[in-house]
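Colleague: Please take me through one part of this model slowly. I am new to this.

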Amino acid sequence: MAVSASQAGFARPLWQRFSRLITSLLSLLVTLIGLLAFTFMLSHLSPVDPVQQIAGDHASEATYTQVRHDLGLDQPVLVQFWRYISHLAQGNLGLSHLTNQPVSADLMRTFPATIELATCAMIFAAVFGIALALLAAWKPGSVIDNVARFISLLGYSVPVFWLGLLGLLLFYAVLHWSAGPGQLDDIWIYTLEPKTGFVLIDSWLSGDPEMFRNAIAHLWLPVVILGLLAMAGITRLLRAALLEESSKEYVILARAKGASRTRILLRHIFPNVLGTLITVIALSYATLLEGSVLTETVFAWPGVGRYMTNALFSSDTPAILGSTLLIGSCFILLNALADALTWLTDPRTR
C-alpha cells in the first residue's frame, strides 16, 4: 500500500527525533566511560603507592607482594580497568586511608552539604542574575547596565577564597551578622538528628526555631560568596544574549507597532533566549558543585570540597578519585539535562 506524503512527513521527524535521542545517549555513555578511564589513569599515574600506604614503609618484600596481589595490581591493565568498573557498579569506591571508612559512605555523608550550599547559591545567583540582566537589557548604557557589568567583572576577577575571608572578617568578626564557619553552633551540632543530611531541612524538622535560625545564620554568607561567582556568569551571558536578540527584525517590527519596551523584552525576547539561560544555569550549577572546594575550606563547611582538600593533603588516593568521579559525573549529567531542556523549550534546536 502506498504511503501518503503526510504520513511520510510525520515519520521522518519521528525518526529524526529517535535518532537524535540515540545519539545523545551514546554521547553521554562515551563521555562517562571517558571519565572512568580518566580516573583510572589518575590512579596509576599518581606518585603515591597504594600498596605502600596499606602495607607500611617497613613492610617485607613478601608482604608487599601479597598486598599488591590482593589489590589486583599484578594483573594486566585491561583486567584492572574491568575490575575497577565492576567495583564502581557495586558502589565500591575503595577504602579511605584518612577516615578508614568506605569512600562511598564518606561521599554520602558529605555530598548533601555540598548540594545544599550549591543549590542555595544557585537560587540566589539565578534570581538576582536574571533580574539584573533584564534590567541591564531593558535600558542599555544606563546606571543599572554599568552596575551589571561591574558585578560581572567583580565575580570573574576576585578570588572566591579572598571574598570569603573578607566576608568573615566583616560580617562575622566586626558586624556579627553571620554565625561564622560551620553549619551550626556547637550547642546545636551534636543535638541535631540527621534525617535527610540537609541541615536546613533537618533543623526545620526538629521543631526548634532557634536551631533553624542558627542554620540560616551559618548558611547565608557562604551562599552569597559562592553565588556571586555564578551570578556574574549568568548576568554577563544573559545580558549579551538579550542585547543580541534585541537587534533582530521581529523586535524592530514590534517596536514599529507600538509595543512597550517591557512587553517586547518579556514577551518576545526573553522566551527566545530561554535555551541559552537553561544552559548557563546548568553549567553554573555544575561549576558551583566542583568549585565549592575553596568556599567549603574557608567556611569549614563539611562537604565534598573540604573532604577532597583533606584527602589531597593526606595523599588519600581512593578519596580523591571517588570525589573526582562524583563531581565529574554530576557535571556530565547536568550538561546532558541542559541539552534535553533546551531541546524541549526551543523549537529551533529540534
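How many residues line the largest pocket, and which of them lie nearest its centre?

Modeller: This is a predicted model, where local features need pLDDT of at least 70, side-chain atom pairs count only at pLDDT 80 or more, and totals for chains, interfaces and linings use all residues. Numbering starts from 1 along each chain as its sequence is written, and side-chain values use heavy atoms, without hydrogens or water.

The largest pocket has 27 lining residues, and Pro 50, Leu 71, Leu 73, Tyr 84 and Pro 318 lie nearest its centre. (A pocket is an open set of points on a 1 Å grid over the protein atoms alone, where a 1.4 Å probe fits, with protein on both sides within 12 Å along at least five of seven lines; lining residues have an atom within 4 Å of a point.) Helices H1 (5-45), H2 (50-55), H3 (61-70), H4 (77-89) and H16 (317-345) each give two or more residues to this lining. (Helices are DSSP runs of H or I, at least four residues, numbered from the N terminus.) By class, the lining holds 12 nonpolar, 12 polar and 3 charged residues. (Asp, Glu, Lys and Arg count as charged; Ala, Val, Leu, Ile, Met, Phe, Trp, Tyr, Cys and Pro as nonpolar; the others, Gly among them, as polar.)

Now look at H4. H4 gives the most to the lining, with 5 residues. Gln 80, Phe 81, Tyr 84 and Leu 88 are the buried residues of H4 (buried is under 20% relative accessible area, exposed over 50%, with a 1.4 Å probe and protein chains only). Down the axis of H4 they fall within an arc of 100°, so they line one face of the helix (the arc is that of the directions from the axis to the C-beta atoms). The face turned away carries the exposed Leu 78, Trp 82 and Ala 89. Just after H4, Gly 91 takes a positive phi of about 80°.
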